[in-house]
Amino acid sequence: MAHLTRRQALSALSRLTVATLATPHILKADAPLTFYGPPAAPSAVLAHAVKGGFMKDVAPEAVFKAWKTPDEMRAAVASGSMGAVVMPSYGAANLHNRGLGLGLLNVLTTGLLYVVSKDETLTSLEGLSGKTLALPFKNDMPDFVLRRLVAEKGLKPGDIKLEYAASPPEAVQLLLTGRVDAALLSEPAATAVLIKAKSFFMTVHRAIDIQQDWAKVAGKPEIPQAGLALTSQVQEKLGTAGIGALQTGMEAALASAIADPQRAASAAADALGFPAEIIAASFPTSHLSALKASVARADLEAFYDELAKADPAIIGGRRPDDGFYLV
């Protein structure tokens, strides 16, 4: 699955800008739309799309806010108080299969999970046997992916002692204070701890690339990890043309973000709680994308199948139907 180089991004941005200028300004939601995202790198693309004016034709006066925990996000989606949300792809499938009318617009990252550690000899998950690993968000994406990998490698439950953290920053603190041997983090938290450790005269290593381990399970390193999902209410408000225009705006925002990481990172820094410099530095290891859900469908279904081997309930018992894929 290809990712944009800087030159490709600039070219794509130029083409998309022309297309946007040629679009009649008729795709307007009834009221300002709030977009929500996790404390992770894909939210930088979404925040940049909102603040950079890439959605002005479909969602004028839109705003971006970060959600803090997956439980908070799921409850808000179920209640209808969050209608346009970047979330784990399995979570979108689960909520769709539970009849909430949620649809997936796109995939915004194909993998941004890393194990970081002060132990430079740690190079594999097997090497974590007998050690303690900090892990944010119990029973969520990093946890499910880790369980599948651990099972594939023949490790037994308990071989790796898991120290669940309430948030990525808490997991970072557990590692820096020596209370755990390693931490499984998403970007930009993984990049943040590598940089922050230096100020404490420590060295933290990016010890394990989870995407490379995933390739040994699924045959390819891409993990269609998260994307922008829309509730049925937002889908009805935007209409088919508006949904398409929203995806076009996200594609343009991605091209712009790759071409100018600092600008995109600055749009998300306050909401995500990371300095813009760290967010920008995390882009190369965040595997950012803006793939239409229909284009990513085969990879999504393969991913869902792998997660379902551990527990079909993770995805709501089955693959989502055609209505799940919005574009």
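What volume does the second largest cavity have? In this predicted model, the second largest cavity has a volume of about 30 Å³, and its lining is made up of Phe144, Arg147, Arg148, Leu307, Ala310 and Ile314. Two elements, helix 5 and helix 12 (297-310), each give two or more residues to this lining, and helix 5 gives the most, with three residues.

Strand 3 (84-88), helix 5 (141-152) and strand 9 (182-186) are the elements that give two or more residues to the lining of the largest cavity, with the largest share, three residues, coming from strand 9. Here the lining divides into 17 nonpolar residues, three polar and one charged.

From the cavities we can turn to the charged side chains. Side chains of opposite charge can pair when their charged atoms come close, and in this model the count comes to 16 salt bridges. One of them joins lysine 153 to glutamate 126, with the closest N and O atoms 3.7 Å apart. Because lysine 153 lies in the loop between helix 5 and strand 8 (161-165), and glutamate 126 in the loop between strand 6 (113-117) and strand 7 (132-136), this pair ties together parts that are 27 residues apart in sequence. Lysine 153 counts as partly exposed, at 24% relative accessibility, and glutamate 126 counts as partly exposed at 38%.

Arginine 297 and glutamate 301 meet in a salt bridge at 3.0 Å, N to O, and since they are four residues apart in helix 12, about one helical turn separates them. Arginine 297 is partly exposed, at 24% relative accessibility, whereas glutamate 301, at 13%, counts as buried. Lysine 309 and glutamate 306 also meet in a salt bridge, at 3.3 Å, and both lie in helix 12, three residues apart, about one turn of the helix. In this pair, lysine 309 is exposed, with a relative accessible area of 57%, while glutamate 306 is buried at 10% relative accessibility. Finally, a network of salt bridges links Arg297, Glu301, Asp305, Arg319 and Asp322.

Note on methods. Residues are numbered from 1 along each chain as its sequence is written. This is a predicted model: local features need pLDDT of at least 70, side-chain atom pairs count only at pLDDT 80 or more; totals for chains, interfaces and linings use all residues. Side-chain values use heavy atoms; hydrogens and water are left out. Ala, Val, Leu, Ile, Met, Phe, Trp, Tyr, Cys and Pro count as nonpolar, Asp, Glu, Lys and Arg as charged, and the others, Gly among them, as polar. On a 1 Å grid over the protein atoms alone, a cavity is a set of points where a 1.4 Å probe fits but cannot get out, and a pocket is an open set with protein on both sides within 12 Å along at least five of seven lines; lining residues have an atom within 4 Å of a point. Grid points are joined across faces, edges and corners, and a volume is the space filled by probe spheres set on the points. A salt bridge is a side-chain nitrogen of Lys or Arg within 4 Å of a carboxyl oxygen of Asp or Glu. Buried means under 20% relative accessible area, exposed over 50%, partly exposed in between (1.4 Å probe, protein chains only).
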